[in-house]
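Here's a quick briefing on a two-chain model, grouped by topic. Have a look at the structure first, then read on.

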Amino acid sequence: MTESDVTREGLRGVRPGSHAHPGRNAGPWRRRRRGERPMVPPAEFTSYYGKPVINRPVWSSPDIPGYLFLGGLAGASSLLGAGAQLTGRPSLARTAKAGAFGAGCLSMVALVHDLGRPARFANMLRVLKVSSPMSVGSWLLSGYVPAAGVAAACALTGRFPLIGAAATGGAALLGPPVAAYTAALISDTAVPAWHDGYPEMPFVFAGSAATAAGGLGLLGTSLLAASPAEAVPARNLGLFGACLELAAAARMTRRIGMVAEPYHSGRGGAYMKAGEVLAVLGVAGSLAGAAGPPLSSAGQRFAGAQSLGRLLSGPRGRVVTAVSGAALLAASAATRWGIFHAGMASADDPKYTVVPQRERLARRVA
Amino acid sequence: MTSLLDMLTADGDPASAGGYADHPPRMGFFTDTSVCIGCKACEVACKEWNHVPEDGLNLTGMSYDNSAGLGAGTWRHVAFIERSVASGGRPPQTPPSTGGSIPPYPPGGDEPPEPALDIRWLMASDVCKHCTHAACLDVCPTGSLFRTEFGTVVVQEDICNGCGYCVPACPYGVIDRREDDGRVWKCTLCYDRLGAGMEPACAKACPTDSIQFGPLDELRERAARRVGQLHESGVAAARLYGEDPADGVGGDGAFFLLLDEPEVYGLPPDPVVTTTDLPAMWRRAGAAAGTLAAGAVAAFAVAALGRRR
């Protein structure tokens with residue numbers, strides 16, 4: 001009220017409160033700020049009491065990382081099951097199809113369990129929105145899981161081979177999208193470690209899915225198959241998956257700069273590291289298991305190689321293969337848990353939101 | 001499919017993009033933080049009108065802030081920023097409260113106490129931005145979130161199944177899930193009051209007109225005048241936030257006049273709606289799915305070659 005007077009008629013020259021001049025009398029502040037509106041972003045990073053800018057995802061572990069892992073395992077297993085059926089590998093086909101259906105069901109259970117209102121899960125199919133990867137994924141899963149179920153039932157009972165073949169084909173067609181859409185799902189958020197990694201994330205997921213399916217195939221055939229030759233495609237798929245997963249993850253974390261920190265530190269970093277180690281061990285073990293029989297014949301000259309050969313062929317070779325398969329499955333799961341926790345950590349710290357946005361603004365001004 | 005249309009329409013008329021042929025003008029908030037006195041009448045009025053349940057009576061240690069941030073139980077949040085401007089240049093960051101020991105005063109022991117005016121006290125009432133391109137609305141898989149005829153974004157609580165996708169999608173950290181209830185909640189811009197021709201409860205309760213409600217076009221004009229007035233009177237730091245239809249979210253339906261950088265108030269300096277990149281994400285996901293299928297084919301082809309050998 002510095003410019004108003006109280007008169008008999010009331011207030012003269014009164015300014016409504018919304019026209020007040022903040023800091024009008026605050027000499028030091030006004031002097032300092034005049035004409036120096038900063039155009040270059042400050043070097044230091046500021047936040048509101050260290051509070052995160054975005055709200056932390058309400059998704060919880062093990063539901064959501066489990067959902068990501070199981071969806072990948074299911075999708076890639078359907079490919080393995082279809083291939084095994086086409087190439088006459090019955091044990092691999094049964095393992096892969098049963099695994100695909102089981103993982104698909106569990107994946108949906110995990111998704112429903114994580115809902116705030118699980119009884120309303122059917123609302124997921126109320127609309128179809130391409131702008132929502134979760135909507136697209138719900139529709140994909142609702143087509144995929146029944147197909148995988150019919151394929152598994154026919155493979156396990158040996159009945160209705162034609163229907164089984166059709167369902168196997170359907171599941172194999174829907175499998176890759178089921179394995180890949182979850183990458184778009186988590187990337188389509190404001191969570192820095194997830195969003196910024198969107199170009200590579202689907203390849204990490206596709207690789208991780210192949211790793212898991214290869215691992216399950218190795219595990220199943222080592223327990224069920226009459227001939228070790230049945231495991232060969234599973235081993236190849238696991239090898240392919242592990243390479244793709246590790247290469248895509250390495251490329252992603254290299255490209256996104258400081259936002260990649262949660263992938264290298266804390267819980268996320270520990271899981272990612274475990275995923276790498278398990279993938280390498282799984283691949284090495286599965287190759288050693290495969291090298292078993294020829295090594296045992298060629299290795300007659302060396303006593304040490306002889307005993308190694310005995311370990312890797314026959315029943316013990318099966319054990320090595322089974323353990324390698326389990327390691328590949330665990331590697332895939334560890335990667336998913338690592339990505340999940342890295343995203344959570346990047347949401348909790350405002351610097352991952354503010355600093356890249358500041359840099360983007362600075363680039364635009366420059 | 002309204003949200004896809006929404007993405008394609010850049011004219012800042014979300015209600016038309018949402019399928020309303022004939023609709024009232026887009027309504028919004030202009031929150032002028034330069035006249036906010038931190039009374040929290042907006043927080044209280046919002047809670048009372050919307051029956052927002054109590055979500056903790058806390059002393060956060062963050063100045064007079066005791067609601068900490070927007071969430072399922074806080075749809076208006078008044079931020080309090082106490083910053084010393086005595087050190088010259090940029091004011092130092094107020095250290096986050098650890099709830100532990102009380103720092104010595106005066107800071108540094110024998111330094112002379114600084115004049116009172118060198119403590120700057122900023123207050124700002126934050127709210128849902130009702131974005132032109134709203135990420136929460138785009139990613140909602142049930143269609144529970146929808147665009148109203150006023151161009152605002154509202155949750156239909158009878159449809160929300162609590163999937164939580166909107167929570168990390170929001171670039172401002174507005175919407176959140178209520179744990180005992182399972183559904184997500186946020187500001188509705190008092191959709192019920194708007195329908196009855198009334199202004200939202202927070203704007204009604206604001207004693208200094210820091211919260212102004214009205215047609216967005218009008219508010220933008222008023223805000224431009226106000227920021228000009230402040231610049232003339234020497235408050236060079238005054239700037240508008242979220243008023244630009246060319247920004248990453250297509251402009252906010254609720255925008256602000258700030259006296260410092262957005263992040264000082266807990267706002268993102270350059271928010272972008274995540275679905276901007278979704279077409280690219282779908283393309284990459286498609287390529288990855290193809291790679292996976294090709295890998296599986298290769299796995300069997302290599303096995304067949306090995307068998308033949």
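Let's start with helix α3 (residues 41-50) of chain B: seven of its 10 residues are buried, so this helix is largely enclosed by the rest of the structure. Buried here means that 20 or more other C-beta atoms lie within 10 Å of the residue's own, with C-beta atoms placed from the backbone. Helices (H or I, at least four residues) and strands (E, at least two) are DSSP runs, numbered from the N terminus. Keep in mind that this is a predicted model: local features need pLDDT of at least 70, side-chain atom pairs count only at pLDDT 80 or more, and totals for chains, interfaces and linings use all residues. Residues are numbered from 1 along each chain as its sequence is written, while chains are lettered from A and ligands numbered from 1 in the order in which they are written.

**Around α3 of chain B**
- The buried residues of α3(B) are Ala41(B), Cys42(B), Glu43(B), Ala45(B), Cys46(B), Lys47(B) and Asn50(B).
- They pack against β2, β3, α7 (201-205) and β8 of chain B, where a contact means C-beta atoms, placed from the backbone, within 7 Å.

**Chain B overall**
- Chain B has nine helices and 10 strands, and 51% of its 309 residues are buried.
- Of its contacts with a separation of 6 or more, 65% link residues 24 or more positions apart.

**Strands of chain B**
- β2 (residues 76-84) runs antiparallel to β3(B), with nine bridges between them; strands count as paired if DSSP finds at least two bridges.
- Within that pair, Ser84(B) sits opposite Ile119(B) of β3(B).
- Seven of the nine residues of β3 (residues 119-127) of chain B are buried, so this strand is largely enclosed by the rest of the structure.
- There's also an open, four-stranded sheet in chain B with mixed pairing, in the order β8-β1-β10-β9.
- Its edges are β8 (211-215) and β9 (239-241) of chain B, each pairing on one side only.
- From one strand to the next, the twist averages 20 degrees; angles run from 0 to 180 degrees between N-to-C directions, and axes are lines fitted to C-alpha atoms, for helices over the stretch in contact.
- Helix α8 (residues 216-232) of chain B packs on this sheet, touching β1, β8, β9 and β10 of chain B, and its direction makes about 135 degrees with that of β8(B).
- β1 (residues 27-32) and β10 (residues 254-258) of chain B pair in parallel over four bridges, with Phe30(B) partnered by Phe255(B) in β10(B).

**Helices of chain A**
- α7 (residues 201-224) of chain A has 24 residues and spans 34 Å from first C-alpha to last, close to the 34 Å expected at 1.5 Å a residue (1.5 Å times one less than the number of residues).
- Of those 24 residues in α7(A), 22 are buried, so the helix is largely enclosed by the rest of the structure.
- α3 (residues 90-114) of chain A packs on α4(A) at about 145 degrees, axes 8 Å apart.

**Where the chains meet**
- 90 residues of chain A are in contact with 81 residues of chain B.
- On the chain A side, α5(A) gives the largest share, eight residues.
- That side has 50 nonpolar, 25 polar and 15 charged residues (nonpolar: Ala, Val, Leu, Ile, Met, Phe, Trp, Tyr, Cys and Pro; charged: Asp, Glu, Lys and Arg; polar: the others, Gly among them).

Definitions and conventions: Buried ≥ 20, exposed ≤ 12 C-beta atoms within 10 Å, placed from the backbone. Contact = placed C-beta atoms within 7 Å.
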